[in-house]
Each structure stands twice: as C-alpha cells, then as structure tokens.
Amino acid sequence: MAIPLDLRAEAHLDPSLHYRNPLSAHWQQPRTLLLTGATGFLGLYLLGELLTQTQAQIYCLVRANDAAAARQRLQGLWQEYQLDPSLGDRVQPLVGDLSQPHLGLSATAFTELGSRLDGIYHSGAGVAVTQPYDRLKAINVGGTQTLLHLAHIGQTTPFHYLSSLGLFFGQGTPAQGRFQESDFPEPASVKGGYKQTKVVSELLIQAAQERGLPACIYRPGRILGHSATGIIDLIQNPKDFLFILLIACVQLGCYPQVEEAIEAAPVDYFSRAIVHLAHQPASFCQVFHLLNSRPSTWLDLVATTQGLGYGLEGVTVEAWVEQWRQRGAAVLTPPLQGLLSQVIEARGTALFPPKPGIDDGQTAQALGTIAGAYPPPSLDKTLLQVYFRYFHHQGAVSQPPLA
Ligand SMILES: NC(=O)c1ccc[n+]([C@@H]2O[C@H](COP(=O)([O-])OP(=O)(O)OC[C@H]3O[C@@H](n4cnc5c(N)ncnc54)[C@H](OP(=O)(O)O)[C@@H]3O)[C@@H](O)[C@H]2O)c1
C-alpha cells in the first residue's frame with residue numbers, strides 16, 4: 001500500500017541555514033538580482049518590470065545549451081511578446097536548471113552569484129498540472145531549497161516567491177468565509193502534484209522566514225493577456241481556460257448561461273504589483289493575494305463580447321456542451337481545442353467548479369488600491385477589443401472585433 005505523502009515532512013530546510021548576516025544593503029535600489037522562470041509567461045513580464053522599476057543587472061536562470069543559446073531564447077521571446085526592442089546589457093542569461101545541485105552551476109560560480117545578489121525572484125516552476133508530486137519535486141521543491149541556500153550566502157538576500165491562489169481550491173470554506181493572506185491551506189487536502197510542490201515551497205519559505213530571511217510570497221490567481229497587446233500563449237502551451245471558453249463561444253455563436261465571478265487581471269497589472277510590493281519594507285514576511293477586486297462576471301464578459309459585434313445566443317450549459325462536442329473540433333485551432341476538450345471531459349457541464357472566496361484586503365492596502373493609487377483594471381470593451389484583435393490576428397477567432 002502506498003504511503004500517504006506528508007507535505008510538512010517534505011518541507012525540509014537545511015538546519016544549518018540561519019539568516020543572521022545583515023540584509024543586503026542595496027535591496028531597495030538593487031544592483032544585482034536573480035530571476036528564475038524568465039522564459040515563462042509571467043516571468044517574462046516580471047523581467048520587463050524589473051528592468052523598468054530598477055537599475056539592476058538581472059541574472060536570468062535559463063535552460064539552454066550555452067550562454068549564447070540562453071540569450072537567444074530570451075531575445076526571441078522578448079520580441080515575440082513585443083517588449084522593449086532590445087534586451088539590453090542589464091540582462092545576464094545564466095545557463096542552469098532548478099532541479100540540479102547549485103542550479104547546475106559550479107560550486108564556485110554559485111557562491112560568487114550568492115555573494116552579489118540584492119534580491120531573488122523565484123518565478124520558475126514545472127507547471128504541468130497532470131504530473132504527480134514525485135515528477136515535479138526536483139524542480140519545484142529542490143529548486144526552492146537551492147535558492148534558499150543562495151539567499152544565505154554573503155549578505156542576507158530578500159526572497160520573492162511566486163506561489164498560486166490555486167492552493168485554496170478544494171479546501172472547503174474557511175472560518176471567516178474567505179481565505180485571507182494569513183491563511184494556509186491544509187496540506188493533507190491539497191490534491192495534485194503541482195499544487196503539492198507549491199505548498200511544500202511555501203512551508204520551506206515560512207521556515208526560512210522564522211530563521212530570519214525576509215521573504216515574500218505572491219499568490220496570483222487567473223492571469224490574462226497583456227493589456228496593451230493582448231498577447232497570451234495560444235499556441236505552445238495555452239493555459240487560460242476562461243478566454244479559450246470565450247473564444248469557443250464566439251466561434252460557435254452561443255454561450256452557456258452560467259453564473260461565475262471573474263477575478264482575473266492582465267499580466268502587466270500583476271507583474272507591476274509584484275515589483276512594487278517587493279520594494280516596500282513593510283512587505284517583508286508578508287503574503288499577497290493577486291486578483292482583480294473589481295467585480296465582474298462571466299455574463300458581463302459575454303455582454304462586452306457581444307458589444308464587439310459577435311452574435312452570441314444564450315443557451316443552457318447542457319446545450320452548449322452538446323454544441324461543443326458536435327462542432328468544437330471544426331471551429332477551434334488544435335491547441336485550444338485540445339485544452340478545452342480536456343477540461344470539458346473532466347468537468348462535464350460543471351464548466352466552472354465551485355471555488356472558495358478569497359480576500360485580498362491586505363494586498364490592496366499595501367498597493368494603495370483602497371486609496372485609489374493602484375486601481376484594479378476593468379475587463380471592459382477597450383480591453384476585450386485588444387484581446388479579440390490579438391485572437392483574430394493569431395487565427396483563433398475568424399471575425400475581427402468591431403472597431
Ligand atoms: N500563469 C498563471 O496563470 C499562474 C497562476 C498562478 C501562479 N503562477 C505561478 O507563477 C510562476 C510563473 O508562472 P508562468 O506563467 O511564468 O509559468 P510558465 O509560463 O509555465 O513558465 C515556467 C518557467 O519556469 C521555467 N522552468 C521550468 N522548469 C525549470 C527548470 N528545471 N529549470 C529552470 N527553469 C525551469 C520555465 O523554463 P523553460 O522555458 O525552459 O520551460 C519557464 O521559464 C510559476 O511559479 C507559477 O506556478 C502562474
């Protein structure tokens with residue numbers, strides 16, 4: 001019989017790690033940073049924000065054969081995602097791998113890197129949600145453990161970890177009705193290898209905080225395309241179910257009449273928030289919930305989409321799923337069709353499974369949202385027009401939106 005996974009026991013932080021050295025003197029105006037996951041969707045925009053909001057040299061851990069190939073990977077994505085034309089010489093690709101000892105660097109290079117850093121942003125992760133814990137452990141848990149060692153070298157390096165609000169899904173209802181930033185999921189009821197590795201990483205970071213590491217945890221919710229370009233991955237590794245569903249509705253000419261609150265925001269809203277929060281002294285040892293607190297619903301999104309000239313008829317969810325099964329393959333590009341089919345096979349007509357209430361009060365306070373300093377974005381006609389222009393340009397919807 002398989003031994004149940006004890007996630008608390010998995011969160012083993014080297015007992016020799018105590019963060020007693022002074023904090024890196026330049027943490028607020030960093031000179032040197034490390035970013036993992038810079039070739040990822042959120043990671044790439046985090047890199048853009050770090051370049052904008054700081055003057056730092058940014059080491060980016062990239063999987064590649066050599067430094068030239070790593071730079072080429074970053075440069076290619078940089079152009080594809082229409083970021084500033086040149087990466088510039090403040091970006092230093094570092095060939096490595098989160099699953100390897102010392103990140104795949106030599107022991108000397110690892111120590112030298114650690115002694116120079118003013119901040120670590122850990123956004124890299126294996127995100128294959130269908131993989132079991134053991135397959136993701138080396139990258140997601142091992143990578144966090146290695147980076148917590150790196151933060152210990154030389155002056156104590158502030159640490160920023162990208163987790164996920166998904167950890168609360170399937171957790172029942174919390175005592176206060178909504179999960180607060182201070183809440184932690186019950187490890188034993190977190191299902192799925194990806195989420196389990198994220199829980200273990202959060203536990204590791206909590207342990208490091210208790211031993212003196214100034215670390216912050218950011219838990220993003222659903223992330224949408226960039227608000228100016230609409231760019232999101234629709235081809236290599238599409239992830240966002242919500243907009244794929246909306247694209248399918250446009251292509252089928254009908255939508256399921258279901259209730260669902262939408263708390264998603266564009267990637268640039270989240271990446272800007274993370275880098276802003278990371279530089280506030282009050283952020284140390286805090287957890288942040290990144291969601292869009294401006295209320296919106298699935299039916300609002302549909303109505304806005306109709307306003308862009310797409311004729312959409314409301315039908316029951318059962319009728320919609322039937323339409324999808326009959327005509328979906330003919331109207332959607334293969335990567336989108338593959339992902340939506342998987343979701344519908346798993347969920348049937350429960351397209352939006354019940355989700356817990358999540359509070360972002362502490363995050364909104366820290367961002368100044370409540371005082372109007374960092375207003376949550378509106379999923380309005382202007383934004384959806386940007387998205388649908390991009391979807392049309394990519395061949396995902398046949399008709400462009402109305403100007
Ligand atoms: N996007 C979302 O909707 C979302 C929502 C909540 C939380 N998050 C969290 O936010 C973070 C960033 O998300 P994302 O959207 O940027 O993810 P992503 O697009 O899947 O990118 C993952 C990044 O991690 C890197 N990576 C994976 N395995 C690695 C390894 N062994 N060594 C080095 N790098 C490795 C990938 O590099 P390669 O390019 O070489 O594969 C890529 O740069 C993740 O930690 C994720 O869990 C994301």
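This is a predicted model: local features need pLDDT of at least 70, side-chain atom pairs count only at pLDDT 80 or more; totals for chains, interfaces and linings use all residues.
Before you start: residues count from 1 along each chain as its sequence is written, and side-chain values use heavy atoms, leaving out hydrogens and water. Local features need pLDDT of at least 70 and side-chain atom pairs 80 or more, while totals for chains, interfaces and linings use all residues.

**Stop 1: the sheet.** Show the strands. Strands (E, at least two residues) and helices (H or I, at least four) are DSSP runs, numbered from the N terminus. Seven strands form an open sheet in the order 3-2-1-4-5-7-11, with parallel pairing. Two strands pair if DSSP finds at least two bridges between them. Now select 91-95 and 287-290. These are strands 3 and 11, the edge strands, and each pairs on one side only. From one strand to the next, the twist averages 20 degrees.

**Stop 2: strands 4 and 5.** Select 119-122 and 159-162. The two strands run parallel, joined by 3 bridges. Find Ile-120: Phe-159 of strand 5 stands opposite.

**Stop 3: helix 5.** Select 133-150. This helix lies across strand 1 (32-36), strand 4 and strand 5. Helix 5 runs at about 175 degrees to strand 4. Such angles run from 0 to 180 degrees between N-to-C directions, with axes fitted to C-alpha atoms, for helices over the stretch in contact (heavy atoms within 4.5 Å).

**Stop 4: the ligand.** Which residues are closest to the ligand? Select Thr-39, Arg-73, Asp-97, Tyr-194 and Lys-198; in total, 24 residues surround the ligand (a heavy atom within 4 Å). Helix 2 (41-53) and helix 6 (193-210) each supply at least two residues of this shell. Helix 2 gives the most, with 3.

Zoom in on polar contacts (pairs of N or O atoms within 3.5 Å). A polar side-chain atom of Thr-39 lies 2.6 Å from a ligand oxygen.

Notes
A polar contact is a pair of N or O atoms within 3.5 Å; within protein, one must be able to donate a hydrogen and the other to accept it, and residues adjacent in sequence count only if both atoms are side-chain atoms.
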